[in-house]
Amino acid sequence: MAEVLTALAIHCRVGASSAFAWGRMDCTCWVADWVKARTGADAMAAWRGRYRSRLGQARLLRRGAGGPTGAASRGLQAIGVAEIDPPAARPGDIGIIETVDGPAMALRGQLGWLAKTGDGLYRCPAAIKAWRL
């Protein structure tokens, strides 16, 4: 677990200090980069590099992907990541949280869920869906 916490702290520092960019450094890409670093598999392979704006992402995820939740479920299932009950999540697990702008992909940190929004990280106490990495 110590290795996961160290890697997660580094990933969070990068996310917090990087400028937000749709399709490159947004909530979905930031979480997918974590998954790829931990597993070697890209859960976002079908969508990576195919949008450059909020509207582009929404259109892409709505078209055949079932929205953000459906896309996350499909992408994570494709690489063998199992869904879990959100309260059972531990640091390094993946989830979807609700923000004022709608659902966002997030990582479970030690003190709650973290999502890349704006030019920092947004902290949320609970997730609506979660997966064990």
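These notebook entries record what I looked up in a predicted model.

**Entry 1: ground rules.** I number residues from 1 along each chain as its sequence is written, and I use heavy atoms for side-chain values, leaving out hydrogens and water.

**Entry 2: nonpolar cores.** I looked for nonpolar cores, each a set of buried Ala, Val, Leu, Ile, Met, Phe, Trp, Tyr and Cys residues joined through side-chain atoms within 4.5 Å. For burial I took under 20% relative accessible area as buried, over 50% as exposed and the range in between as partly exposed, with a 1.4 Å probe and protein chains only. The largest core has 29 residues, of which Ile 94, Ile 97 and Trp 113 touch the most other members. I noted the elements that give two or more residues to this core: helix 1 (2-17), helix 2 (27-39), helix 4 (67-78), strand 2 (94-99), strand 3 (102-108), strand 4 (113-117) and strand 6 (129-132). These elements are DSSP runs numbered from the N terminus, helices being H or I of at least four residues and strands E of at least two. Helix 2 gives the most to this core, with five residues. Another core, of eight residues, lies apart from it and includes Ala 32, Trp 47, Leu 60 and Ala 71.

**Entry 3: Ile 97.** I found Ile 97 in strand 2. Ile 97 counts as buried because its relative accessibility is 0%. From C-alpha to C-alpha, Ile 97 and Arg 63 are 21 Å apart in space and 34 residues apart in sequence.

**Entry 4: pockets.** I searched a 1 Å grid over the protein atoms alone for pockets, a pocket being an open set of points where a 1.4 Å probe fits, with protein on both sides within 12 Å along at least five of seven lines; lining residues have an atom within 4 Å of a point. Grid points are joined across faces, edges and corners, and a volume is the space filled by probe spheres set on the points.

The largest pocket has a volume of about 640 Å³. Of its 34 lining residues, Cys 27, Thr 28, Gln 57, Pro 103 and Ala 104 are the closest to its centre. I sorted the lining by class, with Ala, Val, Leu, Ile, Met, Phe, Trp, Tyr, Cys and Pro as nonpolar, Asp, Glu, Lys and Arg as charged, and the others, Gly among them, as polar. The count was 23 nonpolar, seven polar and four charged residues.

The second largest pocket has a volume of about 160 Å³. Its lining includes Leu 5, Cys 12, Gln 110 and Arg 123, and helix 1 gives the most to that lining, with four residues.

**Entry 5: cysteines.** I searched the whole structure for disulfides (cysteine sulfur atoms within 2.5 Å) and found zero. Cys 27 is in no disulfide either, the nearest cysteine sulfur, that of Cys 29, being 8.3 Å away. I recorded both Cys 12, at 13% relative accessibility, and Cys 27, at 10%, as buried.

**Entry 6: aromatic pairs.** I counted rings of Phe, Tyr and Trp (its six-membered ring) as paired if their centres lie within 6.5 Å, with planes under 30 degrees apart as stacked, over 60 as edge-to-face and the rest as tilted. The whole structure gave one aromatic pair. Phe 20 is partly exposed at 23%, and Trp 22 is partly exposed at 21%.

Definitions and conventions: Predicted model: local features only at pLDDT ≥ 70, side-chain atom pairs only at ≥ 80, totals over all residues.
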